[in-house]
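Subject: Structure handover

Dear colleague,

Here is the structure we spoke about, with the sequence alongside. Please open it before you read the notes below.

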Amino acid sequence: MQAFIAYSQTYDFANAHNQKGKIFVSWGWNQSAYTKSDIHFKGNDYNFTLKDVVAKDRQTGFSLRYFNPSKITIPQYNFRIGYYFNSKYSISFGFDHMKYVMQQDQIVKINGAIAGTGTDYDRTYNNVPIKLTPNFLRFEHTNGLNYLNLEVRRMDNLFDQRSLKIKNIDINLIEGVGAGVLYPKSDVTLLNYAENDQWHVAGYGVDLVTGLNVTFFKHFFIQGEAKGGYINMPNILTTNFTDDRAAQHFFFLQGNVNFGVIFKL
């Protein structure tokens, strides 16, 4: 009994989970998934839509490069920095580096027209199937599908070290909502045109996130997250011609593992 009383006296339960004034920084990695999307291509020589295009992510296989400072941005990663403006709520800025890769050689429906390109694809299409071969289209946001976002998050303690009876460990629930812009470097090869792989603002996104946070010694944490949302990109660069653009919108889902620190200034 004496040992229990001594432990409870060292645990300031009233203030243990008051996060106000604290700053947190985290880094981690994601696996992502995307719904099918219609992709509309418009230029001087074409105006067509591909229906229900399938795409997937491209996470780098786990290796020591994940911890190499010169290569840590190659895998799909998540960076976030935030500030708790009261005991539970924080505002944070995040950079979610996903990768979006259209599945090559899939067959989809095409509507619209291609004319004047000097290729075998010059014709009018009316909801007919087409195979997305590399000589027709290669479409990726691999450097990447960059989602720059602001989020408001809430953290609620589920189990503290007193209830767990394990010193210096707390378990917390995270919930949040956010919005931001998409800033991809798209890799698009369309017909016989040269690509335009410049960084650019392509659209916007909104998201919801929930996660489980395990904090050690009050200052270090590991956090698993499920994050999903909607992306709309009406301004995707495709070729070196100024007016050529692609547009698409879809839903995404991330599974994230993040490591971080939290401290008070």
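The notes below go through strand pairing, backbone geometry, a surface patch and cavities.

Please keep in mind that this is a predicted model.

Strand pairing

Strand E12 (residues 203-216) and strand E13 (residues 220-237) run antiparallel and are joined by 13 bridges. Within this pair, Leu212 has Gly224 of E13 as its bridge partner. On to the next pair: E13 also pairs with strand E14 (residues 245-264), again in the antiparallel sense, over 16 bridges. There, Ile222 stands opposite Phe259 of E14.

Backbone geometry

The hairpin of E12 and E13 has three residues between the strands, and one of them to look at is Phe217, with a positive phi near 55 degrees. Phe217 lies in the loop between E12 and E13.

Asp105 is found in the loop between E6 and strand E7 (107-114). With a relative accessible area of 38%, Asp105 is partly exposed.

The peptide bond between Asn143 and Gly144 is cis, with omega at about -5 degrees. Gly144 is placed in strand E9.

Surface patch

Tyr83, Phe85, Tyr89, Ile91, Val152, Val177 and Leu208 make a nonpolar surface patch of about 620 Å². Of these, Val177 sits in strand E10 (residues 169-182). Val177 is partly exposed, with 46% relative accessibility.

Cavities

How many cavities of 30 Å³ or more does a search of the whole structure find? The search finds two. The largest cavity has a volume of about 200 Å³. Its lining is made by 21 residues, and those nearest the centre are Phe24, Arg153, Phe221, Gln223 and Glu225. The elements that give two or more residues to this lining are strand E1 (22-34), strand E5 (77-84), strand E6 (89-102), strand E9 (137-159), E12, E13 and E14.

Regards

Terms used: Residues are numbered from 1 along each chain as its sequence is written. This is a predicted model: local features need pLDDT of at least 70, side-chain atom pairs count only at pLDDT 80 or more; totals for chains, interfaces and linings use all residues. Side-chain values use heavy atoms; hydrogens and water are left out. Two strands pair if DSSP finds at least two bridges between them. Helices (H or I, at least four residues) and strands (E, at least two) are DSSP runs, numbered from the N terminus. Patches are made of residues with over 30% relative accessible area and no salt bridge: like charges are joined within 9 Å, nonpolar side chains (Val, Leu, Ile, Met, Phe, Trp, Tyr) within 5 Å. Accessible areas come from the Shrake-Rupley method with a 1.4 Å probe; for residues, only the protein chains shown count as cover. A salt bridge is a side-chain nitrogen of Lys or Arg within 4 Å of a carboxyl oxygen of Asp or Glu. Buried means under 20% relative accessible area, exposed over 50%, partly exposed in between (1.4 Å probe, protein chains only). On a 1 Å grid over the protein atoms alone, a cavity is a set of points where a 1.4 Å probe fits but cannot get out, and a pocket is an open set with protein on both sides within 12 Å along at least five of seven lines; lining residues have an atom within 4 Å of a point. Grid points are joined across faces, edges and corners, and a volume is the space filled by probe spheres set on the points.
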